[in-house]
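Take a moment to look at the molecule below.

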Amino acid sequence: MIDGGHRDRTGRRITLRSVDDDNWRAVADVAPRDDQRRFVAALGARYLLLSMRSEV
């Protein structure tokens with residue numbers, strides 16, 4: 001886990017954790033808001049994650 005003491009716009013602490021067998025489905029469900037879609041592909045990260053989980 002990486003905790004650099006950063007916070008999001010609402011003040012929540014941001015931490016980075018490794019994607020593992022317990023949390024990969026939750027990570028795959030993350031999607032950008034409509035107003036963010038011009039910056040990032042809506043399903044790009046999901047496809048990348050699923051390609052790393054070849055047994056799925």
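Predicted model: local features only at pLDDT ≥ 70, side-chain atom pairs only at ≥ 80, totals over all residues.

Start with empty space. Rolling a probe the size of a water molecule over the atoms shows where such space is left. How big is the volume of the largest pocket here? It comes to about 170 Å³. The pocket is lined by 13 residues. Those closest to its centre are Val27, Val30, Ala42, Ala45 and Arg46. Find these five on the model and you have found the middle of the pocket.

Which part of the chain gives the largest share of this lining? Helix H2 does, spanning residues 44–52. Five residues of the lining come from helix H2. Twelve of the lining residues are nonpolar. One is charged, and no polar residue takes part.

Stay with Val30 for a moment. Val30 sits in the loop between H1 and H2. Is Val30 buried or exposed? Its relative accessible area is 61%. Exposed means over 50%, so Val30 counts as exposed. Next, trace the chain from Val30 to Leu43. The two are 13 residues apart in sequence. In space, their C-alpha atoms are 8.9 Å apart.

Leu48 is found in helix H2. How far is Leu48 from Ala28 in space? The C-alpha to C-alpha distance is 9.1 Å, and 20 residues separate the two in sequence. Leu48 has a relative accessibility of 53%, so this residue counts as exposed.

Ile2, Ile14 and Leu16 make a nonpolar surface patch. Its area is about 290 Å². Where does Ile2 lie? Ile2 belongs to the segment before helix H1, which covers residues 24–28. Ile2 reaches 55% relative accessibility, so Ile2 counts as exposed.

Last come the charged pairs. Side chains of opposite charge can pair when their charged atoms come close. How many salt bridges does the structure hold? There are three.

Take Arg12 and Asp8 to begin with. Their side chains meet in a salt bridge, at 2.7 Å from N to O. The two partners differ in how open they are. Arg12 is exposed, because its relative accessible area is 57%. Asp8 has a relative accessible area of 25%, so Asp8 is partly exposed.

Go on to Arg33 and Asp35. Here the N to O distance is 3.0 Å. Arg33 is partly exposed, at 43% relative accessible area. Asp35 also counts as partly exposed, with 48% relative accessibility.

One bridge remains. Which residue pairs with Asp34? Asp34 forms a salt bridge with Arg37, and the closest N and O atoms are 3.2 Å apart. Asp34 counts as exposed, because its relative accessibility is 67%. Arg37 is partly exposed, with a relative accessible area of 39%.

Go back to the model once more. Then pick out the patch made by Ile2, Ile14 and Leu16. Finish with the three salt bridges.

Terms used. Residues numbered from 1 in each chain as written. Heavy atoms only, no water. 1 Å grid on protein atoms, 1.4 Å probe; cavity = no way out; pocket = protein on both sides within 12 Å on 5 of 7 lines; lining within 4 Å. Points joined across faces, edges and corners; volume = space filled by probe spheres on them. Helix = DSSP H or I, 4+ residues; strand = E, 2+ residues; numbered from the N terminus. Nonpolar A, V, L, I, M, F, W, Y, C, P; charged D, E, K, R; others polar. Patch = residues over 30% accessible without salt bridge, like charges linked within 9 Å, V, L, I, M, F, W, Y side chains within 5 Å. Areas by Shrake-Rupley, 256 points an atom, 1.4 Å probe, with all protein chains shown as cover. Salt bridge = Lys/Arg side-chain N within 4 Å of Asp/Glu carboxyl O. Buried < 20%, exposed > 50% of the residue type's maximum accessible area, 1.4 Å probe, protein only.
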